[in-house]
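Here is a short report for a reader who is meeting this structure now. Please look through the sequence and the model before reading on.

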Amino acid sequence: LGGPSKKLNVNVGTAVSFSPDGSQIVFRRSLGERRSAGLFVSNADGTGEREIAWIKHPDGIWDPAWSPDGKTIVFASGNPSGGTKMYVAHVPSEGGTITPVSTQRWRWVGRMAWLPGSSGLVMVASDSAAAPYQVWQLDYPSGEARKKAPRELRIGAFELGPGGHRGLLHRGVGVLPRQAGLGQGEQHLL
């Protein structure tokens, strides 16, 4: 950080995730000419870009997260347009076949973070049109999914602390109505 900014990669369609050693990043790019979404890895300085996987539209790729051991990248996939069609998938970080982590399907899956030892993931997701966004835990590699928040909270975002032992929930300002004691713009430890 510091100094002038530098363009690294173009047409990046999601937040990036760093490899455990910080030397590489992973991101999604829409590939209109192929009607697909691709998962790309590059060096942290933007060089050495390569496609490691792709999926055909209408399915997509969102919010990749690199595993702590550096071997796996997980991401939300599927079609978020109506119904419960989204799932969590993974691919080897060197490239390969995209496979679902779980048979669980959600209406929407957002940002994910790995738990210590690559034992599972914590993510924000909604399992039906009537359900609010909730914090879920997805065991890895078994794929068992369960809600983690102690009560119904409408979550805007979350962060895991160092070591993955504490979480911080955030409600975005002006996004969803006040509910269950969690006000807009507030942050709570999980």
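Over which residues does pLDDT stay under 50? The stretch is residues 170-190, for which the model has 58 contacts beyond four places in sequence. Here pLDDT is the predictor's confidence in each residue, from 0 to 100. A contact means heavy atoms within 4.5 Å. Where pLDDT is low, the predicted coordinates should not be read in detail.

This is a predicted model, in which local features need pLDDT of at least 70, side-chain atom pairs count only at pLDDT 80 or more, and totals for chains, interfaces and linings use all residues. Residues are numbered from 1 along each chain as its sequence is written, and side-chain values use heavy atoms, with hydrogens and water left out.

**Overall picture**

The protein averages a pLDDT of 80. In all, 77% of the residues score at least 70. Confidence is highest in strand β7 (residues 86-92), at a mean of 97. It is lowest in strand β15 (residues 187-189), at a mean of 44.

The protein has 15 strands and 0 helices. Both are DSSP runs, numbered from the N terminus: helices are H or I with at least four residues, strands are E with at least two. Of the 190 residues, 44% count as buried. Buried means under 20% relative accessible area, exposed means over 50%, and partly exposed lies in between (1.4 Å probe, protein chains only).

The accessible surface comes to about 9600 Å². Carbon and sulfur atoms hold 53% of that surface. Accessible areas come from the Shrake-Rupley method with a 1.4 Å probe; for residues, only the protein chains shown count as cover. Among contacts with a separation of 6 or more, 30% join residues 24 or more positions apart.

Strand β5 (residues 60-66) is mostly covered, with 5 of its 7 residues buried. Strand β6 (residues 72-78) is mostly covered too, with 7 of its 7 residues buried. T72, V74, A76 and G78 point one way from β6. I73, F75 and S77 point the other way. Residues on both sides are buried.

β5 and β6 pair in the antiparallel sense over 5 bridges. Two strands pair if DSSP finds at least two bridges between them. A65 stands opposite V74 in β6, and the bridge partner of W66 is I73. β5 and β6 form a hairpin with 5 residues between them. In the turn, G70 has a positive phi of about 80°.

β6 also pairs with β7, in the antiparallel sense, over 7 bridges. In that pairing, T72 has P92 of β7 as its bridge partner.

**Salt bridges**

Side chains of opposite charge can pair when their charged atoms come close. A salt bridge is a side-chain nitrogen of Lys or Arg within 4 Å of a carboxyl oxygen of Asp or Glu. A search of the whole structure finds 4 salt bridges. Among them are these:

| Side chains | N to O distance |
|---|---|
| E49 and R29 | 2.6 Å |
| R34 and E51 | 2.6 Å |
| D139 and R146 | 3.0 Å |

Take E49 and R29, which meet in a salt bridge. The pair links distant parts of the chain, 20 residues apart. E49 is in the loop between β3 (36-43) and β4 (50-56), and R29 is in strand β2 (residues 24-31). E49 is partly exposed, at 34% relative accessible area, whereas R29 is buried, at 9%.

R34 and E51 also meet in a salt bridge. R34 lies in the loop between β2 and β3 and E51 in strand β4, so the pair ties together parts that are 17 residues apart in sequence. R34 is partly exposed, with a relative accessible area of 31%. E51 is partly exposed as well, at 32%.

D139 is buried, with a relative accessible area of 16%. R146 counts as partly exposed, at 31%. Salt bridges that share partners join D139, E144 and R146 into one network.

**A nonpolar surface patch**

Which residues form a nonpolar patch on the surface? V12, V16 and F18 do, with about 240 Å² of accessible area together. Patches are made of residues with over 30% relative accessible area and no salt bridge: like charges are joined within 9 Å, and nonpolar side chains (Val, Leu, Ile, Met, Phe, Trp, Tyr) within 5 Å. V12 is found in the segment before β1 (17-18). V12 is partly exposed, with a relative accessible area of 34%.
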